[in-house]
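Reader: I have a new model open on my screen and would like to talk it through with you. Could we go over it piece by piece?

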Amino acid sequence: MGSNAEIPFKLRASPRDLPELMDGDCSYEDFRGCLRSLEQINRWLLGYRPTLAWLKRLPHELHDPIHIVDVGSGGGDLLRQIATWASKRAIAVELTGIDMNPYAARAAAESTPRELGIAWVTGNALVYQPEKPVDIIVSSLTAHHLEDEEIVALLRWMEATAQVGWFINDLERSERSSRMFGWVEKIVGWHRFVRHDAPASFRRAFREEDWARLLKSAEVPQQAVTVEHWRPGRLCVGRWK
C-alpha cells in the first residue's frame, strides 16, 4: 500500500503494508527512547486505566500469589503500574513480562526497581512455558503490531493458557482519535519513532467488528467476552472464565 492517507479508516491496515519504525532494525537508544515516550503517553492519556479497572473485577477466591503475564511488555510500564495497584490493595502477585524484542527486557530492567521482583523474558509468548501456571494474561498496545492470523493465534493461546482471564488493551481505529493525537504531539514533541508510528498505529488498530471476526476465528465464545470503548482512543477486549 501507499501512504497513510491512501488507506481508508474503514479497513484495518496490515502491519506488513504499513510498517512502524519501532518494529524494524534500530539502535537500543532509539528503542528505549520510543518506549519512554510511550510510557509518558500512557500516563497522560490514561492508557493504564482500562487494564486496572478490569483487574478490579478479580474474583476474591483466588490463591496467592496471582501470576500475571504481560505479552508484549515493552519497557515494563504496565507491569509497574499493576505492581503498584496490587501493593496498595495488599494483593500478592507474581509478575512476568514477555517480549520478542531483546531490547525490551533490558529497557524494562533498567526502569524497574528490583524490589518489585518482576521477571522479564525474551521470547515468543506462544511457545512460552512458565514454571508456574498463568492466572491472568494482559496485553497493551501489542495487538495492532500483529497480522490478523497472529492475533487469532494469540487469542487461542490466551484462552488455553490463562486460568482466570485475559485482557487486551489496544487502540480504536478512529480518524478523530488519530487527529487528536497529532494535535497533542505537536505540543509535546515525543520521540521521532512515535511521531512516525502513531498515524500507522491508528490505521492498524481495531473496531468492534474486527474483534468479532477475530474472536470467531479463534473460536472464543463471544458471549463470555466484553468489548469496551475507553476514551481517549482505546478499544479493549476482556474475558473472565
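This is a predicted model: local features need pLDDT of at least 70, side-chain atom pairs count only at pLDDT 80 or more; totals for chains, interfaces and linings use all residues.

Reader: Where is Arg80 found, and what does it touch?

Author: Arg80 is found in helix H3, which covers residues 77-88. Leaving out residues up to four places away in sequence, Arg80 touches Glu39, Gly75, Ala108, Ser111, Thr112, Pro113, Leu116 and Ile118.

Reader: Let me step back to the whole chain. How many helices and strands are there?

Author: The chain has eight helices and seven strands. Its radius of gyration is 17 Å, close to the 18 Å that the globule rule gives for 241 residues, so the chain is as compact as a globular protein of that length. The C-alpha trace spans about 50 × 40 × 30 Å along its principal axes.

Reader: And what share of the residues counts as buried?

Author: Of the 241 residues, 53% count as buried. As for contacts with a separation of 6 or more, 81% of them are between residues 24 or more positions apart.

Reader: Which residues touch the most other members of the largest nonpolar core?

Author: Those are Leu155, Trp166 and Trp211, in a core of 46 residues. Several elements supply at least two residues each to this core, among them H1, S1, helix H4 (102-111), strand S5 (165-171) and helix H8 (208-217). The largest share, six residues, comes from H5.

Reader: What does Leu155 touch?

Author: With residues up to four places away in sequence not counted, Leu155 touches Trp166, Ile168, Trp211, Leu214, Leu215, Ala218 and Val220. Another core, of 24 residues, lies apart from the largest one, and its members include Trp54, Ile82, Ala83 and Ile136.

Reader: I was also looking at Leu52. Which residues does Leu52 touch?

Author: Leu52 touches Gln81, Ile82 and Trp85, again without residues up to four places away in sequence. Leu52 itself lies in helix H2, residues 49-55, and is buried, with a relative accessible area of 14%. Although Leu52 and Trp85 are 33 residues apart along the chain, their C-alpha atoms are separated by 7.6 Å.

Reader: Changing topic, what volume does the largest pocket have?

Author: The largest pocket has a volume of about 1,100 Å³. It is lined by 49 residues, and those closest to its centre are Gly72, Ser140, Leu141, Thr142 and His145.

Reader: Which elements give two or more residues to that lining?

Author: They are helix H1 (28-44), strand S1 (66-71), helix H3 (77-88), strand S2 (93-99), helix H5 (148-161), helix H6 (175-188) and helix H7 (192-203). H1 gives the largest share of the lining, seven residues.

Reader: How do the lining residues divide into nonpolar, polar and charged?

Author: The lining of the largest pocket has 25 nonpolar, 15 polar and nine charged residues.

Definitions and conventions
Residues are numbered from 1 along each chain as its sequence is written. Side-chain values use heavy atoms; hydrogens and water are left out. On a 1 Å grid over the protein atoms alone, a cavity is a set of points where a 1.4 Å probe fits but cannot get out, and a pocket is an open set with protein on both sides within 12 Å along at least five of seven lines; lining residues have an atom within 4 Å of a point. Grid points are joined across faces, edges and corners, and a volume is the space filled by probe spheres set on the points. Helices (H or I, at least four residues) and strands (E, at least two) are DSSP runs, numbered from the N terminus. Ala, Val, Leu, Ile, Met, Phe, Trp, Tyr, Cys and Pro count as nonpolar, Asp, Glu, Lys and Arg as charged, and the others, Gly among them, as polar. A nonpolar core is a set of buried Ala, Val, Leu, Ile, Met, Phe, Trp, Tyr and Cys residues joined through side-chain atoms within 4.5 Å. Buried means under 20% relative accessible area, exposed over 50%, partly exposed in between (1.4 Å probe, protein chains only). Contact means heavy atoms within 4.5 Å. The radius of gyration is taken over C-alpha atoms; the globule rule is 2.2 Å times the number of residues to the power 0.38.
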